[in-house]
Amino acid sequence: DIKNTLVRRGIKEGRIVVIPNGIDVYKYDAFVDEIKVKNSLNIANYNTVVCCVGRLSPQKGHYFLLNAAKEVIKTNQKVIFLLVGDGPLKKDLEKQSLILGINKKVLFTGYRDDIKDLLRISSLFVMPSLSEGTPMALLEAMASGKAVVATNVGGIPEIIRDGFSGILVKPKDIKGMVESIISLLNDEKMAKDFGKNAKACIKSKYSAEAMTRKYEDLYERVSNG
């Protein structure tokens, strides 16, 4: 998506090489004491966690996620929405959750350095962004084997195969987000299959090793003229 933008701005396509972000996929296989993590957040073990990781800023679309959360919670009182990250909209979003009457079901964690642990206790990952490149949080969630509901923007559709490793919805589409979240929460097998497919995708295409090989290939091509 960024490449296409550069081409439209006049950069010759032959001068652009796309190298996706890569992550250490193996650290997401490490053991996590899920009950301990939930206890540390005052989340009961019977609660189902829907996680969103990202800076609390306008382009991340949290406003639309909170409106969707209200409808999801109406159908499932065991759901907790975990919003991980900090940013300029934190107070506004906390106020919005209060106005919507879901503040007891939405947990704003602020900045955290234990993302892999928070992903492990989550049943589903949601990314409601209005614009994106190749989001690291999405790669991390998929490496954790989580089914994903994400907006069809930027580089996201290059990573998520709709109906196979997650569900893509239009940006700002609250209804679509609600339906997708509910369907995955209600169909454990589908969520598990999506998560398995997501993890396989990240290991094959978005690992740190795959990224490194592509940089090495690029440097070799450039150095050889």
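Q: In this predicted model, is Ser57 buried or exposed?
A: Ser57 sits in the loop between β1 and α3 (62-75). Its relative accessibility is 5%. The cut-off for burial is under 20%, so Ser57 counts as buried.

Q: Which residues is Ser57 in contact with, leaving aside its neighbours within four places in sequence?
A: Ser57 belongs to the loop between β1 and α3. With neighbours within four places in sequence set aside, its contacts are His62, Pro88 and Leu89.

Q: How far apart in space are Ser57 and Val222, C-alpha to C-alpha?
A: In sequence, 165 residues separate Ser57 and Val222. In space, the C-alpha to C-alpha distance is 38 Å.

Q: What is the strand order in the open sheet?
A: The sheet has 6 strands, and the pairing is parallel. Neighbouring strands are turned against each other by 20 degrees on average, direction ignored. The order is β3-β2-β1-β4-β5-β6.

Q: Which are the edge strands of the sheet?
A: The order of the open sheet is β3-β2-β1-β4-β5-β6. An edge strand pairs on one side only. That describes β3 (106-110) and β6 (166-169).

Q: Which residue of β6 is the bridge partner of Ala150?
A: Strand β5 (residues 148-151) pairs with β6 in the parallel sense. The pairing runs over 4 bridges. In β6, the bridge partner of Ala150 is Leu168.

Q: What angle does the direction of helix α8 make with that of β6?
A: Helix α8 (residues 174-186) packs on the sheet. It touches β1, β2 (79-84), β4, β5 and β6. Its direction and that of β6 make an angle of about 170 degrees.

Q: At about what angle does α6 run to β4?
A: α6 lies across β1 (48-53), β4 (124-127) and β5. Relative to β4, α6 runs at about 165 degrees.

Q: How many residues of α6 are buried?
A: The buried residues are Ala137, Leu138, Leu139, Glu140, Ala141, Met142 and Ala143. What covers them includes β1, α5 (115-120), β4, β5, α7 (156-159) and α9. α6 is mostly covered, and the buried count is 7 of its 8 residues.

Q: At roughly what angle do the axes of α6 and α9 cross?
A: The helices are α6 (residues 136-143) and α9 (residues 188-205). Their axes come within 7 Å. The crossing angle is roughly 120 degrees.

Q: How many nonpolar residues does the contact of α6 with α9 have?
A: From α6 come Leu139, Met142 and Ala143. From α9 come Gly195, Ala198, Lys199, Cys201 and Ile202. By class, 1 is polar, 1 is charged, and the nonpolar residues number 6.

Q: Which residue with a positive phi follows α6?
A: Helix α6 covers residues 136-143. The phi in question is near 80 degrees. The residue is Gly145.

Q: Why is the pair of Tyr63 and Phe64 classed as it is?
A: A search of the whole structure finds 2 aromatic pairs. In the pair of Tyr63 and Phe64, the ring centres are 5.2 Å apart and the planes stand at 85 degrees. Planes over 60 degrees apart meet the cut-off, so the pair is edge-to-face.

Q: Is Phe64 buried or exposed?
A: Tyr63 is partly exposed, at a relative accessible area of 46%. Phe64 has a value of 16%. Burial requires under 20%, so Phe64 is buried.

Q: Is Gln96 buried or exposed?
A: Gln96 is found in helix α4 (residues 90-99). Leaving aside neighbours within four places in sequence, it is in contact with Tyr63, Leu66 and Asn67. Its relative accessibility is 11%, so Gln96 counts as buried.

Q: Over the ring of which residue does the charged end of Arg161 sit?
A: The distance from the charged end to the ring centre is 4.2 Å. The ring belongs to Phe164.

Q: Is Lys172 buried or exposed?
A: Lys172 lies in the loop between β6 and α8. Its phi is positive, about 70 degrees, although it is not a glycine. With a relative accessible area of 51%, Lys172 is exposed.

Note on methods. Residues numbered from 1 in each chain as written. Predicted model: local features only at pLDDT ≥ 70, side-chain atom pairs only at ≥ 80, totals over all residues. Heavy atoms only, no water. Phe/Tyr/Trp six-rings, centres within 6.5 Å; stacked < 30°, edge-to-face > 60°. Buried < 20%, exposed > 50% of the residue type's maximum accessible area, 1.4 Å probe, protein only. Lys NZ or Arg CZ within 6 Å of the ring centre and 35° of its normal. Axes fitted to C-alpha atoms, helices over the stretch in contact; angles between N-to-C directions. Helix = DSSP H or I, 4+ residues; strand = E, 2+ residues; numbered from the N terminus. Contact = heavy atoms within 4.5 Å. Nonpolar A, V, L, I, M, F, W, Y, C, P; charged D, E, K, R; others polar. Pairing = 2+ DSSP bridges.
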